[in-house]
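Please consult the sequence and the structure shown below while reading.

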Amino acid sequence: MFSCKNLYEQEEIKVITDFTNSYLKKEHFEKLENYKLICSENEKLDSSNLKIYISDYLLPISKIRKDKKWLFDGNYSGNDSIIFRNILDSKKFNELSYREFNKSEIQLIENYNLIDNYSEEEDFVGIKFSRVCFDENKENAILLIEYNFNCDKLNVSGFERPYLLKKMNNSWKYIPTK
């Protein structure tokens, strides 16, 4: 029998998996050609075998908000803004603590390979996640990511941003920020 905690953590992994695959497909593939130009004089960035490093811990999202409040301001408008704010103001948002997880549970789409560690000499994408905070009905969620892309010993791209996600047809879809 599963406890509520286990069910919550399972859904958290589903959110992270769906987000990661969707985000990499929509955002990373589109930028890959630009990265090739920046990364390598001989253009050896191999798009058929991209390395993804995912941190094996989830940070408490309320702690990140406390330290970087500006990250959570003005990301959405209209109804999405109301949903986002309601999750931020929920009791659960403040209760979520640090937790480790088994990152091998995340199944990546083709062309992406999960790596356990990396060298600054390698081309790779590094992603750290916060805990996932759901609304009461588990139809919406907030997830914060720290995303970095390294190539040829350079951090070419990086940012930290919270995303609103919505459950649609048993899959989690992220809503781009404005």
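Helices (H or I, at least four residues) and strands (E, at least two) are DSSP runs, numbered from the N terminus. The model is a predicted one, in which local features need pLDDT of at least 70, side-chain atom pairs count only at pLDDT 80 or more, and totals for chains, interfaces and linings use all residues. Residues are numbered from 1 along each chain as its sequence is written, and side-chain values use heavy atoms, with hydrogens and water left out.

**Helix α3**

- The buried residues of α3 are Asp80, Ile83, Phe84, Ile87 and Leu88.
- These residues lie on the same side of α3 because they cover an arc of only 135° around the axis, the arc being that of the directions from the helix axis to the C-beta atoms.
- In general, an α-helix has 3.6 residues a turn, so residues three or four places apart point the same way.

**Overall architecture**

- The protein contains four helices and eight strands.
- Read from the N terminus, the order of elements is α-β-α-α-α-β-β-β-β-β-β-β.
- Of the 178 residues in the protein, 48% are buried.
- Among contacts (heavy atoms within 4.5 Å) between residues at least 6 apart in sequence, 69% join residues at least 24 apart.

**Salt bridges**

- Side chains of opposite charge can pair when their charged atoms come close.
- A salt bridge is counted when a side-chain nitrogen of Lys or Arg lies within 4 Å of a carboxyl oxygen of Asp or Glu, and the count by this rule is ten.
- Glu11 and Lys167 are joined by a salt bridge through their side chains, with an N to O distance of 3.0 Å.
- This pair links distant parts of the chain, 156 residues apart, with Glu11 in helix α1 (residues 4-39) and Lys167 in strand β7 (residues 154-168).
- Glu11 is buried at 17% relative accessibility, whereas Lys167 is partly exposed at 32%.
- In the salt bridge between Lys63 and Asp67, the closest N and O atoms are 2.8 Å apart.
- Both Lys63 and Asp67 belong to helix α2 (residues 61-67), where they are four residues apart, about one turn of the helix.
- Lys63 is partly exposed, at 45% relative accessibility.
- Arg85 pairs with Asp73 in a salt bridge whose closest N and O atoms are 3.4 Å apart.
- This pair also links distant parts of the chain: Arg85 is in helix α3 (residues 78-88) and Asp73 is in the loop between α2 and α3, twelve residues apart.
- Arg85 is partly exposed at 26% relative accessibility, and Asp73 is partly exposed at 44%.

**Positive phi angles**

- Lys138, a residue other than glycine, has a positive phi near 55°.
- Lys138 is located in the loop between β5 (133-134) and β6 (140-151) and is partly exposed, with a relative accessible area of 31%.
- Asn170 is not a glycine, yet its phi is positive, at about 65°.
- The loop between β7 and β8 (171-175) holds Asn170, which counts as exposed at 54% relative accessibility.

Technical notes. Buried means under 20% relative accessible area, exposed over 50%, partly exposed in between (1.4 Å probe, protein chains only).
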